[in-house]
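Here is a short briefing on one predicted model.

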Amino acid sequence: MNTSISQRLTPIKRDLSPRASVIVRLLASLFGGYGVAALTTVLLAQSLPLSRLDAVLVGTMVSFSLFAMMIIRLFSLRSHLRVVLEPVALCSLLYGLTLVLG
Amino acid sequence: MKETFFRSMTWLHTWAGLAVCWLLLLIFFAGSLSYFRHEISLWSKPELHQAVFQDYDQRQVEQQITKGQAYLADKAPDAASWTISFPSERKPYLSFGWADAPKAGERRGKFHEHVVNQDGQQMITDIRDSRGGNFFYRLHFDLHYLPVVAARWIVGLATMAMLIALISGVVIHKRLFKDFFSFRPAKGSRSWLDAHNVSAVMALPYHLIITYTGLITLMFMFMPWGALQQYDGDVRAFRADLNPARIQEKPGDTQAPLFDAARLVSQVERQWGIAPLKQVSITGPGRDNSRISFTLNSEQTVTDRRNLLVFDGVTGELKSLGNPESVTYKTYDTLMSLHTARFADWALRGLFFLCGLLGCAMVATGTLLWAVKIAQKQQKAIKTGARPSIGLRLVDGLNISFICGLPLATAGFFYANRLLPVDMVDRAQREVDLFFITLAVIAIVALWDGLRCTQSWRRWRQWLALSALAFAALPLLGAVTSGQSLLSNMADNQWTLVGFDMISLLSALALGFAARQVSRTKLISSRQGATSRLNSKSATPSTANTLTPRAAVNKKESRDLSLEEARQ
């Protein structure tokens with residue numbers, strides 16, 4: 001997903017020092033990645049057409065794979081702006097969905 | 001974050017791995033030993049090695065329950081719970097146990113266990129206080145000396161880092177299949193990379209499953225949000241739904257006579273047919289809210305479905321048939337049992353154990369690989385008299401502390417089990433302390449070496465040789481302190497105890513072999529120049545696959561070395 005054309009054409013900008021880059025990505029992963037996983041769990045738990053317990057189980061069991069995918073993505077994106085904005089946007093979207101569907 | 005996805009993943013793999021590798025090694029090591037926790041526990045109680053072993057006997061169950069209930073009513077009328085545990089393959093004796101009411105600040109009270117002699121008459125009450133295999137089991141996810149919740153979060157984060165390292169590792173491994181068959185020994189970092197690849201790829205399905213299911217086992221701690229939201233924050237209601245049979249109530253204050261548990265056996269047989277039972281446990285005996293639960297011995301089945309029947313402890317009325325049966329629940333339960341291997345017989349358990357050791361090898365070769373590469377980079381400077389960087393010395397020190405330390409500390413734990421005075425205060429904890437003291441001694445020596453810049457493979461050889469000696473003498477120690485030697489255990493068909501001695505001897509061989517190889521080969525001592533010389537040869541493709549005579553001689557040895565040494 002990270003090698004899409006639009007990304008490949010973006011010039012590489014060293015907008016942050018390597019150390020700052022790592023810290024930004026780590027924080028985005030820990031909070032943003034976890035947030036996306038947690039909100040997806042809630043969304044699945046409330047919207048899956050299963051019994052309450054089963055929906056909770058499915059939502060919680062898949063959450064860690066989402067967390068892992070988010071971390072991989074946040075450490076492979078080039079633009080730090082996207083590293084910050086993507087989890088924020090995803091979390092907002094998921095939170096909105098839980099409100100709409102809940 | 002780098003120019004290409006591939007390079008980003010390489011970076012991620014290196015640093016996610018390096019950040020948690022020593023903790024992961026501890027977790028993998030303790031987890032591998034946990035597959036045999038009942039066996040280790042049995043070994044660590046030599047009082048039980050004579051005259052208590054018996055087979056499960058269906059015809060005696062009712063009588064054993066009656067006897068147990070009477071015994072416990074006499075010994076521990078005020079206990080929080082009683083457990084009558086029947087002989088099974090892994091715990092081949094009948095025992096009556098009870099748990100005290102938890103003291104303030106404790107989640108569970110202390111557990112006592114008395115074992116019935118083969119003749120069914122005498123009781124063995126004087127059993128040494130030892131954590132046995134449960135120490136490694138708890139160490140695997142609770143660590144030690146730390147609050148449980150904090151420790152589990154630390155372990156959870158390390159597991160997540162492990163999952164990331166696995167995924168990124170697969171991504172950066174371009175020739176997954178081809179590398180499976182290649183091992184280029186005596187070529188410095190190249191050989192460590194090969195060993196890292198082999199140990200990772202050979203057991204990759206195991207590594208992936210064990211990591212993910214590890215997260216699943218504690219998932220409601222790490223990711224409680226779905227449950228909290230659906231159950232409006234009522235954790236107890238959720239637990240009752242998830243595990244209806246296991247919900248435990250505080251013993252009530254009102255007294256009520258306990259139902260005769262043996263009279264329930266016919267009802268149990270109506271539900272399960274004639275099936276072996278694992279235990280009968282009675283919570284809150286003598287109170288109005290007591291419960292009597294029967295556990296099925298479901299050793300060979302993968303899911304735990306319906307292995308528990310719960311009866312009211314006063315009226316004898318059937319309360320619960322066990323866990324929910326939806327497909328989702330079964331999936332969840334299967335994932336959990338894949339992690340704990342509770343369905344596996346001894347052979348499959350052994351395979352899981354070997355895969356766990358390969359996991360140790362993967363982690364250890366990974367961090368050794370890092371150290372060797374950095375040492376190569378600094379080689380020129382070191383030759384001209386500069387000190388190795390602090391990072392390199394730190395990693396070297398942690399490597400020797402954990403890779404050599406864990407086997408030696410384990411041996412220390414087993415020696416403490418047999419040599420500490422039996423009536424010592426807090427004995428079980430002193431055994432555990434000795435495990436960590438051994439680790440600490442090795443770490444302090446490593447620190448001393450690191451500060452003086454005298455880190456060397458000689459130190460590795462010393463520790464490995466010492467561990468080899470310790471494990472080689474373990475069967476002897478066992479024979480002297482329990483009165484049952486390896487041969488007499490063989491004669492008595494006590495294969496659990498025989499197995500323990502055999503594994504000790506095998507470990508001793510492997511450690512001894514590793515110690516010998518470390519002193520012989522220069523496989524990993526890049527600081528002495530051997531690695532760079534061999535490496536420059538392998539740089540050209542034409543020579544990469546033709547072994548130099550020296551390398552050919554070393555081929556088998558160094559393969560064994562890198563795996564054996566690391567997996568210990």
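**The sheet in chain B**

In chain B, 8 strands make an open sheet, ordered S4-S3-S2-S1-S5-S6-S7-S8, with antiparallel pairing. Strands here are DSSP runs of E with at least two residues, helices are runs of H or I with at least four, and both are numbered from the N terminus. This is a predicted model: local features need pLDDT of at least 70, side-chain atom pairs count only at pLDDT 80 or more, and totals for chains, interfaces and linings use all residues. Residues are numbered from 1 along each chain as its sequence is written, while chains are lettered from A and ligands numbered from 1 in the order written.

- Strands S4 (123-124) and S8 (318-320) of chain B are the edges; each has a single partner strand, so one side of each lacks a neighbour in the sheet.
- Strands S6 (residues 291-296) and S7 (residues 308-312) of chain B run antiparallel, joined by 5 bridges; strands pair if DSSP finds at least two bridges between them.
- Ile292(B) has Phe311(B) as its bridge partner in S7(B).

**Where chain A meets chain B**

- Chain A gives 32 residues to the contact and chain B gives 29 (C-beta atoms, placed from the backbone, within 7 Å).
- On the chain A side, H3(A) supplies the largest share, 17 residues.

**Two crossing helices**

- The axes of H3(A) and H5 (residues 148-172) of chain B come within 10 Å and cross at roughly 60°; axes are lines fitted to C-alpha atoms, for helices over the stretch in contact, with angles from 0 to 180 degrees between N-to-C directions.
- Phe67(A) and Ile71(A) are among the H3(A) residues in this contact, and Leu163(B) is among those of H5(B).

Notes:
Contact = placed C-beta atoms within 7 Å.
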